[in-house]
Amino acid sequence: IMGNTKYTNIAASAFVLLLLLTTIAMAGDPNGSNTYTDDVAGMKLAVNFAWTLIGAFLVFFMQAGFAFLGAGALRVKNTVNYFAKSYMDFSIGALAYWAVGFALMFGGSKLYAGLEDGNSIIGWSGCFLSGNSYDVSTMMFWMFQVVFAATAATIVAGACAERMKLQAYLIYSGIVTAVIYAIYGHWVWGGGWLATLPYGVGVRDFAGSGVVHAVGGMVALAGIYLLGPRIGKFNKDGVPNAIPGHDVPMIVMGTFFLFFGWFGFNPASTLAATDLRISVIAVNTFLAGAAGATLVCYYTFFKTKKVDIALTCNGALAGLVGITASCAYVPTWAAVVIGVVSGFIVMYGIKFNDWVLKVDDPVGAVAVHGYNGLWGLLTVGIFADGTYGGVSGLIVGNTSQIIAQLIDMVVVVVWAFGTGYILFYIIKKIVGLRVSPEEELTGLDLGEHGYSAYPEFVIAGPMDGLREGQISDNLECSTEGART
């Protein structure tokens, strides 16, 4: 079709017509004059607007954290490529979420203007933020939600790093935010069937342990399963090799950025500064992240007499992921317990991937986000104390909430891994997932971008000067642990 001028013109005209039609009918409140009614109510509304938008900006800043952490954990020769994926996945994902994802996720929820149409499975109102959804309140909500969608998408970048084609990754970014993330999100946050299960108060995932992190982690697992490990990751006998990154300070700074941004992720999910539970949420978030980091720090120290700061950073992120679903519902002691368990999960999750599943995840994204996202869902059914939102778990004698959470855990694994596998399989057949062995050995920076992040340190690539017949010998040597 793209090669036929006639069909290309028809498609372009249809798209322009669609945009015009979706912007003609405007029954919302695009300038806020009808929303801001009087001084008292208006001031409260303005404070809540500002709180939610500032939270959105903090979550957006987490993209810098992901970029720094992921790039630091990779080799020099793939730095530009990883930054390109990190930058473009939120850009493409934002457009996809604006056009389709937001409507699929919140259509029928009736949370804000323009979101009236949908059912328990899928929504269909709010496309392009047009019509009734051209409203200040809906825009505020969209801004907060789109950065969550971008976070889910970018989790996969680190897991698939150093061998995935850039164009394959960018195709994934648009589809996951438009469809995979959005439909599951509708089931939990958009008034869908999981939120209305007849157990407890239905599934509860306050800020996205499941909706954001488990979805991203399980899609990443499907991706790295199909993609295969990096050259040199596993020996012939299956023993995994460590492939160190090039910049530990970037890993630590990236973790600081992510930790800071999490105070937008969790407390701002109240969507209201006037909801004073935000103080409890902030404290629980802080404690869980600190507990995860502390556990990993001392566990590695007592085991090896050395402190692994890179793994400790993953411990902090694991604790933050683990508390995200239950941060509003649990007491502070539970937040510490959740963070400690999250630290164990990330360490043994990485080992499980290396030694059992034999998949290659350069940054530990599947363990941090996928496995701890599932743990976060479970914590609601265990530790919720009934002091907020009517959500109570096992610690106060309620045995029904955990049933809903267990159902959700199964659903998110099947949905995210299953649809992720199908998506990556289709991309693999159409454009291919993986760069050539020669390009992987030389580095994706030169192969996909034509320049290096550190040009003064560029040296001849490992394949330079090799005859064609020597390539297989080089690859075999790499699989036996040679560093290239």
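This is a predicted model: local features need pLDDT of at least 70, side-chain atom pairs count only at pLDDT 80 or more; totals for chains, interfaces and linings use all residues.
Colleague: Is Ile-175 buried, exposed or partly exposed?

Modeller: Ile-175 sits in helix α5. Its relative accessible area is 34%. Since that value falls between 20% and 50%, Ile-175 is partly exposed.

Colleague: Which element gives the most residues to the nonpolar patch on the surface?

Modeller: The patch is formed by Ile-171, Ile-175, Val-179, Ile-422, Tyr-425, Ile-426, Ile-430 and Val-431, with about 670 Å² of accessible area together. Two or more residues come from each of α5 (166-189) and α12 (401-430). With 4 residues, the top contributor is α12.

Colleague: Back to α5, then. How is α4 oriented relative to α5?

Modeller: Helix α4 (residues 136-159) packs against α5 with the axes 9 Å apart, at an angle of about 125°. The crossing of α4 and α5 is right-handed, and the orientation of α4 to α5 is oblique.

Colleague: And what is the handedness of the crossing of α5 and α6?

Modeller: Helix α6 covers residues 209-227, and its axis comes within 10 Å of that of α5. The two cross at roughly 135°, which makes α5 oblique to α6. As for handedness, the crossing of α5 and α6 is right-handed.

Definitions and conventions:
Residues are numbered from 1 along each chain as its sequence is written. Side-chain values use heavy atoms; hydrogens and water are left out. Patches are made of residues with over 30% relative accessible area and no salt bridge: like charges are joined within 9 Å, nonpolar side chains (Val, Leu, Ile, Met, Phe, Trp, Tyr) within 5 Å. Accessible areas come from the Shrake-Rupley method with a 1.4 Å probe; for residues, only the protein chains shown count as cover. A salt bridge is a side-chain nitrogen of Lys or Arg within 4 Å of a carboxyl oxygen of Asp or Glu. Buried means under 20% relative accessible area, exposed over 50%, partly exposed in between (1.4 Å probe, protein chains only). Axes are lines fitted to C-alpha atoms, for helices over the stretch in contact, and angles run from 0 to 180 degrees between N-to-C directions. Angles under 35 degrees count as roughly parallel, over 145 as roughly antiparallel, 65 to 115 as roughly perpendicular and the rest as oblique. A crossing is left-handed if the near helix is turned anticlockwise from the far one by less than a right angle, and right-handed if clockwise.
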